[in-house]
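Subject: A structure for you to look at

Dear colleague,

I am handing over the structure below, and after it you will find what turned up when I went through it. Please keep the sequence and the 3D view open while you read.

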Amino acid sequence: MTNLAKRNYWSLSIFNFAYLFTWSAAMSFFVIWLGQSLEISETYTGFLYAANSIVALIMQPLFGYLSDKLGLRKHLLYILFTILLLVGPFFIYVYGPLLQTQFVIGAIVGALFIGLVFNAGNGVVDSYMDKVSRKYGFEYGRVRMWGSLGWAAATFVAGRVININVNLTFWIASVSAIVAMICIFLTKVEISGQEQQKTESLKLIDVLHLVRTTKFWFLMLFMVGVTQIYEVYDQQFATYFVSQFSSKAEGNQFLGDLSAVQVFLEFVFLFVTPWFVNKTTAKWALIIAGSIMSLRIIGSSLPFGSIWVAAMKMIHSLEKPLILVAIFKYITVNFDQRLSSTMYLLYLFMGSLVVSIFSPIVGHMYEVLNFPITYVILGSIAGLFTILSCFTLTADKKNVERYLEERRKQDLKRATKKAEAVHS
């Protein structure tokens, strides 16, 4: 790599470490904070996750289009991280008190903040790192792995601090957000005139062409039935896991340590995942990840005790790197690269839509059916959609060229019709 490429690799790696550290410090024990500190029920917790996802699904398509229009410029990141600096005071002095006194208002205000800087902002961060990595010749997965290490470090710290004073985790989150902001400033990306013209040429009609393709909807089907079923499963997993122990404090600390080890393993696997995905193709990497995910969700329902449940949690360190790396490679191979951020944020948008619908439903299922039965249902749904995706996803590397050629023909046809109309 050139010196500039090395500089950007390390500045983005530390940036992602700090951003995921912030997110983890604020949210990895979110369900524990709600249940143990604020005494919010599982059903109401499901409504909070749904509210966060509703805000995200509103913002994600807009953020995707703005990210592609801005290209390699950092304006949107500056705005998001200026807001993120307030994460500590917001949770302590605004969000928590409102949930206890005015739940509906608190849910709305919290969803606006969390949905903006985490649920939607995460897509902006990931797509920007993907663009810079492609420009300077390093693998996105080997930048993103430092984010996993940041998440692991935060869960390790938070698992201990939460038993002392839960507010400390939120203050730590604000400090790490400052580090992330500094790293944004240190990232130096040279933007050529051709790159500038490429982003400026992007129009809303390009997005409309994208959402009309069957390939787009087949990928969304995978998102709806597999990856977001997992997200719904994972939301209140902490409550289920802690219930396996004789005391909540013991469960909290064990969960923090377990999550830290699990995410550290993600860091390790993310280093080799790009090689694996290149060998298997993005499609089959996604199918493998979906298969692991489905079996793991069902496996969590088996009554073999805390060690078994912990083992099911650990397997997440295999599937998540596959999803993270394979989804960007799948988008690059199968869609117009000018729309990479739009495509990724629309992918997340569909996920937020599913989460907003299913979070309160599944939260109620936990109360009525219990956790194990609900896990069997969720794992079975994910398994069925994984099997279906074997036939609907594609690894055809000629799709981008074919798509652009079709677009040129359509544009030429429209221009001809317009000229004929003017002439007549």
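Asp68 forms a salt bridge with Lys131, and their closest N and O atoms lie 3.0 Å apart; the term stands for a side-chain nitrogen of Lys or Arg within 4 Å of a carboxyl oxygen of Asp or Glu. Because Asp68 sits in helix α3 and Lys131 in helix α6 (residues 103–136), the pair ties together parts that are 63 residues apart in sequence. Helices here are DSSP runs of H or I with at least four residues, and they are numbered from the N terminus. Both Asp68 and Lys131 are buried, where buried means under 20% relative accessible area, exposed means over 50%, and partly exposed lies in between (1.4 Å probe, protein chains only).

Before going further, please note that this is a predicted model, in which local features need pLDDT of at least 70 and side-chain atom pairs count only at pLDDT 80 or more, while totals for chains, interfaces and linings use all residues. Residues are numbered from 1 along each chain as its sequence is written, and side-chain values use heavy atoms, with hydrogens and water left out.

How many salt bridges does the structure hold? There are four salt bridges, and another of them joins the side chains of Glu139 and Lys329 at 3.4 Å, N to O. Glu139 lies in the loop between α6 and α7 (141–161) and Lys329 in helix α16 (residues 316–334), so this pair ties together parts that are 190 residues apart in sequence. Glu139 counts as partly exposed because its relative accessibility is 25%, whereas Lys329, with a relative accessible area of 19%, is buried. The side chains of Arg296 and Glu319 also meet in a salt bridge, at 2.9 Å from N to O, and this pair links helix α14 (residues 282–299) with helix α16, 23 residues apart.

On a 1 Å grid over the protein atoms alone, a cavity is a set of points where a 1.4 Å probe fits but cannot get out, and its lining residues have an atom within 4 Å of a point. Grid points are joined across faces, edges and corners, and a volume is the space filled by probe spheres set on the points. By this rule there are three cavities of 30 Å³ or more.

The largest cavity holds about 1200 Å³ of space and is lined by 46 residues, of which Trp23, Trp151, Glu231, Asp234 and Lys320 lie nearest its centre. Helix α11 (residues 214–235) gives the largest share of that lining, seven residues.

The second largest cavity has a volume of about 80 Å³, and its lining includes Ser67, Tyr128 and Lys131. Two or more residues of this lining come from each of α3, α4 (75–84) and α6, with α6 giving the largest share, four residues.

Best wishes

Note on methods:
On a 1 Å grid over the protein atoms alone, a cavity is a set of points where a 1.4 Å probe fits but cannot get out, and a pocket is an open set with protein on both sides within 12 Å along at least five of seven lines; lining residues have an atom within 4 Å of a point.
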